[in-house]
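Reader: Can you walk me through this model? Keep it brisk.

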Amino acid sequence: MFAPRSSFLIAAIAVLALIAAEVDADKSARSVRQLKGGKSTKNPKSPKSGKGSAPTPTPAPTIGHAPGRRLLNSVEQNRDLTLQHLVGRFNEEGSVRSFVDSLGYEVDLKSGTGEKENVLSKKDCEGLMSLIDHGSYSNIDVPNMYDIQMTIDESDVVSVIGKDKFISLLDFHREVIGAAIPLQTIIIRHMRGIENNDAFLDYHADQNNSKNGTYSTVIVSLNDNSSVKEGGELYYLREDGPVLARRDQGKAFAHSYNVLHGVAPPVGDRFTLILHFDHELKLEDVGGRKLTEEMKREFGSNHVVL
């Protein structure tokens, strides 16, 4: 006669445990500090490749993926586990150092980042977003998430925002990194996730390896927060845990090649302008070459589907 009550109590306890886990994950995300950028204190040279690598979540299947592009990942196809993976797992003392040690290469946990408000106007941002030909992807069956990465060149950007604002992006990069590094690649990225999307970019540094170069990066948020219903936050991993880099339309972030960063699963649309600067090249080596034009011809548009 007590079986129904026992079943009810067990079910109630399970529900309460699930709610508590979601609350803890939400508290972890909301308690994360916000970025306070600083100039890199390290000599911006190519780092030495380390041995070994940390276990990584399952990468998404890809279509037309260009070499050197970061893939989306998932953690057991569970959004709560993904958020825990990005933020909550670093609550314990020593967890950041343990993770860094598992990577096998040196990273900067103290400096090498910066942010700047209102680098681009709303009109500038809308113009850059319009460069993506979404019609090319209208026939793609996307169950959860898609990620369009369109490679453009310097002339494409200048035609929209003007030369002065483009130069200001290069100047911002030089201020944060502490040196003039050749600009190699310009990408407009559109990440779209449906409700309960769990696709994310895991923490990584843009170190050199067999597939990627050694890049410092400028990121500009192109759409306002009304388009991102949930998630999509940029996090930097520092000595005492993750730091939130709060997105605003037209706001720019810069980070060195040895700074760990990741992106939470977005629900809604997340548009970003990305500039990669190649630390394996010197300005005098580039000469009159138009690196962004070369990269545009080689890669063009591609998309990642999860």
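Author: Start with L273. L273 touches L120, L128, L169, I186, I187, I188, V218, I219, V220 and L222, leaving out residues up to four places away in sequence. Contact means heavy atoms within 4.5 Å.

Reader: What kind of model is it, and how are residues numbered?

Author: This is a predicted model: local features need pLDDT of at least 70, side-chain atom pairs count only at pLDDT 80 or more, and totals for chains, interfaces and linings use all residues. Residues are numbered from 1 along each chain as its sequence is written, and side-chain values use heavy atoms, with hydrogens and water left out.

Reader: Which residues have the most contacts inside the largest nonpolar core?

Author: L120, L222, L273 and L275, in a core of 30 residues. A nonpolar core is a set of buried (under 20% relative accessible area, 1.4 Å probe, protein chains only) Ala, Val, Leu, Ile, Met, Phe, Trp, Tyr and Cys residues joined through side-chain atoms within 4.5 Å. The largest share, 5 residues, comes from α6. Apart from this core lies another, of 17 residues, including V107 and F200.

Reader: Switching to α5. Which residues are buried there?

Author: D156, V157 and I161, in a helix (a DSSP run of H or I, at least four residues) spanning residues 154-161. They fall within an arc of 105° seen down the axis, so they line one face of α5. The arc is that of the directions from the helix axis to the C-beta atoms.

Reader: What is the average pLDDT?

Author: The chain averages 75, and 66% of the residues score at least 70. pLDDT is the predictor's confidence in each residue, from 0 to 100. Over residues 8-30 it is below 50.

Conventions
Buried means under 20% relative accessible area, exposed over 50%, partly exposed in between (1.4 Å probe, protein chains only). Helices (H or I, at least four residues) and strands (E, at least two) are DSSP runs, numbered from the N terminus.
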